[in-house]
Amino acid sequence: MIIKSAARLSNVSEYYFSRKLKEIAELNNSGFDIINLGIGSPDLPPSPEVIAELQKYAERNEVHGYQSYVGLPELRQEIAAWMKSNNDVDLDPANDILPLIGSKEGIMHISMAFLDPGDKVLIPDPGYPTYMAVAELVQAKVIKYELDEEDDWNIHWRSFEKLPLADVKLMWLNYPNMPTGVRGNNQQLKRLISLAKRHNFLLINDNPYSCLHDGQPFSIFQIEGAAEVCLELNSLSKSHNMAGWRLGWVSGQADYIKTILRVKSNMDSGMFQPIQKAAVKALQLPMEWYSSLNETYKNRRIRAFEIMEVLGCSFDQRQRGLFVWAKSPEHIADIEKWVDLIIQEAGVFITPGFIFGSKGDRYLRISLCSSEELLAESLDRIMKSLEKLRP
């Protein structure tokens with residue numbers, strides 16, 4: 001006897017990377033050696049100071065109980081100081097910031113806090129698949145808006161303005177963008193904020209790549225008027241190599257934060273205190289930390305560009321962030337089969353762009369979360385297998 005699953009799961013499948021990583025693990029267990037250039041899980045460690053802080057507090061007897069739902073005051077204060085230092089944004093640490101168990105958790109909490117079944121939500125195409133999955137889980141109605149490759153992956157305004165904006169409740173943004181690597185366009189964001197005010201919908205910028213940049217950190221709150229209609233998610237996963245620690249936050253005006261807290265306080269019992277103490281230390285790291293990290297990814301990006309060139313893909317060298325996004329050659333008819341062929345013949349996994357939406361159908365994405373040596377090995381394998389990779 002099988003108990004029927006909830007109707008809300010009817011359009012939600014297992015996360016692509018969850019399925020694909022199981023396949024790769026099975027292949028490796030069978031004697032293969034597959035290099036994974038797919039998922040964006042940093043391979044570098046956090047700062048030694050951050051690890052030492054975790055160890056110091058974890059040894060104390062009094063830190064192992066339930067914690068506040070709103071996080072330690074010193075963590076919220078440090079987030080506010082970090083936002084001021086990096087983005088010249090003023091936030092009230094007591095009311096405008098809510099620490100999260102990772103920003104992915106925040107996508108669910110925000111959606112549960114503001115979306116009723118049938119409410120319309122705008123999701124970018126291409127975009128992070130979790131926006132779609134969470135909208136389906138809360139039974140909202142998804143409306144995709146196109147990012148235009150001919151305009152540096154900014155919004156395709158002719159099609160956007162034809163959407164039923166008056167009925168929209170919430171819109172997801174992601175700048176710096178994943179998967180395309182483009183920065184936020186201030187003129188575009190001003191236009192969106194104006195539209196959100198006119199049509200009374202909430203804009204959320206998902207911003208985990210804010211420190212992986214070319215010297216120009218970005219927050220949507222740098223745009224005049226954003227505080228009235230915007231929220232922003234941030235995370236220590238990418239910027240501080242702390243993906244498995246599950247540390248993030250949402251910021252915005254106090255009324256929005258209180259609304260999200262009504263969901264969050266019923267979903268978890270706070271974060272382990274030593275992890276929060278370590279997060280405070282991470283946010284105090286000097287600018288050299290970010291410069292070194294960006295230099296590492298810059299060098300890896302060059303290697304990833306070489307792989308894409310050998311595969312015959314085209315790409316924009318201005319892109320930033322944790323990935324390289326490239327268009328596949330015209331003669332490749334089926335990108336998913338080609339990705340599987342690269343796995344079989346070269347032993348390298350590269351993410352197919354279709355998982356990010358229909359506008360990504362012709363694209364591939366390489367994660368920069370592998371060493372230069374592994375990227376060089378991947379390039380060598382692909383070059384040796386090149387004749388077999390021409391379907």
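Analyst: First, a term. Axes are lines fitted to C-alpha atoms, for helices over the stretch in contact, and angles run from 0 to 180 degrees between N-to-C directions. This is a predicted model: local features need pLDDT of at least 70, side-chain atom pairs count only at pLDDT 80 or more, and totals for chains, interfaces and linings use all residues. Residues are numbered from 1 along each chain as its sequence is written, and side-chain values use heavy atoms, without hydrogens and water.

User: Why are H4 and H9 called roughly perpendicular?

Analyst: Helix H4 (residues 103-114) and helix H9 (residues 254-264) pack at about 105°. Angles under 35 degrees count as roughly parallel, over 145 as roughly antiparallel, 65 to 115 as roughly perpendicular and the rest as oblique. H4 and H9 are therefore roughly perpendicular. Their axes lie 8 Å apart.

User: What counts as a helix or a strand?

Analyst: Both are DSSP runs, numbered from the N terminus: helices (H or I) have at least four residues, strands (E) at least two. The protein has 13 helices and 14 strands.

User: Which residues of H4 and H9 meet?

Analyst: Contact means heavy atoms within 4.5 Å. From H4, Glu-105, His-109, Ile-110, Met-112, Ala-113 and Phe-114 take part. From H9 come Tyr-256, Thr-259, Ile-260, Val-263 and Lys-264.

User: What makes Pro-117 buried or exposed?

Analyst: Its relative accessible area is 58%, so Pro-117 is exposed. Pro-117 lies in the loop between H4 and strand S3 (120-125). Not counting residues up to four places away in sequence, Pro-117 touches Val-138 and Gln-139. Pro-117 and Gln-139 are 22 residues apart in sequence, yet 4.7 Å apart C-alpha to C-alpha.

User: How do you know how the protein compares with a compact globule?

Analyst: The radius of gyration is taken over C-alpha atoms, and the globule rule is 2.2 Å times the number of residues to the power 0.38. For 391 residues a compact globule would have a value near 21 Å; the protein has 21 Å, so the two agree. The C-alpha trace spans about 60 × 55 × 55 Å along its principal axes. Buried residues make up 54% of the 391.

Notes. Buried < 20%, exposed > 50% of the residue type's maximum accessible area, 1.4 Å probe, protein only.
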